[in-house]
Amino acid sequence: MAEPAPLAAPAPANTSTPQPDFSYTGPDPVLRALPENQGLDWTTMGGLIGAHALILLALIVNGDWAAFGHLPSILIVIFGTVAVTTICFRREDFRLAWPILRRVFVHSGHELPTLAKALVDMSIIVRKRGTLGLGDYERLWRSDPLLQPYVAMVVDGYTPQEIERMAAQEMDTSLDLYRKAAAILRRAAETAPGMGLIGTLIGLVQMLGALQSPEALGPSMAIALLTTFYGALLGTVIFTPLANKVERNANLEATERQMILTAAASMSVLDNPRRVEMSLNTF
């Protein structure tokens, strides 16, 4: 009886790392430090200045604008809103949210076309020389807070799955800061009209208690009306638009991070730069 043929040994798994494509010729792309698009955010500044200018113009044209400056009403609404908003959060929340709130007025970030071009240039260098080729340009990407963690993982040989997992954690942390900053502004926007209503009730009670003294009716009526005015002004013209701007900035940073993640995952497997470019063009 013939002996059964021995089973063929399974083929070894392909554990080789991607190799550079030496068919790429010509000089490396010129990598430069990405310029951050910093400066005053004139859409925020212009909107706030324009809205308040229109309101002030209406006050000047239709009457005595000085009558709308009432210190007790300002104290009730502004300081009351700050106090109540402070109750709702921890000191740590304000400390972490402050850099995010600052970006509402001072823009920071990259122009997306400039960022995309830099990522494609990096992918060409990686395709030609391997992931360690980016080490020669460490001075450029180490100084960029968004690029640094992703490019460092590429240079250190992380797999696309590891890069995506760690990037997801970092993105969640970053977006959580934006959510805290937006929540603070939303809470202030909700509180300001309520403090205005409290001031209105205070003014009405004072007015009803001074019906026998005509000279006291004016100041009490001013508190009753102006606190509502200040509360609506803070909530509608200041806090709500700023909260919307924080959320928009969060979306922009998430787009930048997603672009860098897409390019980093492709570079880690020495993907074709044309595919990287096509992926980035979708953004």
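Here, contact means heavy atoms within 4.5 Å, and helices (H or I, at least four residues) and strands (E, at least two) are DSSP runs numbered from the N terminus. This is a predicted model, where local features need pLDDT of at least 70, side-chain atom pairs count only at pLDDT 80 or more, and totals for chains, interfaces and linings use all residues. Residues are numbered from 1 along each chain as its sequence is written, and side-chain values use heavy atoms, with hydrogens and water left out.

**Exercise 1.** Find which residues of helix 3 and helix 7 meet, and work out how the two helices are arranged.

Solution. 
- Start with the residues: D93, F94, L96, A97, I100 and L101 in helix 3 touch L177, Y178, K180, A181, I184 and L185 in helix 7.
- Sort this contact by class, and you get ten nonpolar, no polar and two charged residues. (Ala, Val, Leu, Ile, Met, Phe, Trp, Tyr, Cys and Pro count as nonpolar, Asp, Glu, Lys and Arg as charged, and the others, Gly among them, as polar.)
- Now the geometry: the axes of helix 3 (residues 91–102) and helix 7 (residues 160–209) come within 8 Å and cross at roughly 95 degrees.
- So helix 3 is roughly perpendicular to helix 7 (angles of 65 to 115 degrees count as such).

**Exercise 2.** Work out which elements give the most to the linings of the largest pocket and the second largest pocket.

Solution. 
- For the largest pocket, helix 8 comes out on top with six residues.
- Helix 3, helix 7 and helix 8 (214–268) each supply at least two residues there.
- By class, that lining holds nine nonpolar, seven polar and seven charged residues.
- For the second largest pocket, helix 2 gives the most, with five residues.
- Its lining has 13 nonpolar, three polar and one charged residues.

Key: Axes fitted to C-alpha atoms, helices over the stretch in contact; angles between N-to-C directions. Parallel < 35°, antiparallel > 145°, perpendicular 65-115°, else oblique.
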